[in-house]
Amino acid sequence: MYADYDPKYITMLKRNYRSHALLLEVPNALFYDGALEACADPMITDCRLHWDGLPTQGVPLCWQGVEGKEDREAGSPSWFNSDEAVIVLKRVTSLMRMRPDCKQENIGIITAYN
């Protein structure tokens, strides 16, 4: 895929030290031509694989569709959805209760937007 690129101008970061290997499979196939390496510590990436909030045990990913009302404060260009925030709070609270050593900075939340 990148066999003829000039390494002086393009650098590919191949080692991922943050994500579980299962979460890297799709981007590795689509964007890295199989060159991406999962290097995160399994003690961290595997410690929540049996959380009851996971739809598939052993796969550290969950999707949560939320229908709610989008609002914004007067004078602000930003929108927010309070219903989404409540669901996120419940999930994060559940994760943190599962193990006392779970810290907020170890939880990633990605949300879609238009």
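This is a predicted model: local features need pLDDT of at least 70, side-chain atom pairs count only at pLDDT 80 or more; totals for chains, interfaces and linings use all residues.
Some housekeeping: local features need pLDDT of at least 70, side-chain atom pairs count only at pLDDT 80 or more, and totals for chains, interfaces and linings use all residues. Residues are numbered from 1 along each chain as its sequence is written, and side-chain values use heavy atoms, with hydrogens and water left out.

Okay, salt bridges, meaning a side-chain nitrogen of Lys or Arg within 4 Å of a carboxyl oxygen of Asp or Glu. How many do we get by this rule? The count is 2. In one, Arg-15 pairs with Glu-37, with the closest N and O atoms 3.7 Å apart. Arg-15 is exposed, at 54% relative accessible area, while Glu-37 is partly exposed at 36%. For those words, buried is under 20%, exposed is over 50%, and partly exposed is in between, with a 1.4 Å probe and protein chains only.

Then there's Lys-69 with Asp-71, closest N and O atoms 3.2 Å apart. Here Lys-69 is exposed at 57%, and Asp-71 is partly exposed at 24%.

Next, Leu-61, which is partly exposed at 37%. You'll find Leu-61 in the loop between helix 2 and strand 3, helices being DSSP runs of H or I, at least four residues.

Notes. Helices (H or I, at least four residues) and strands (E, at least two) are DSSP runs, numbered from the N terminus.
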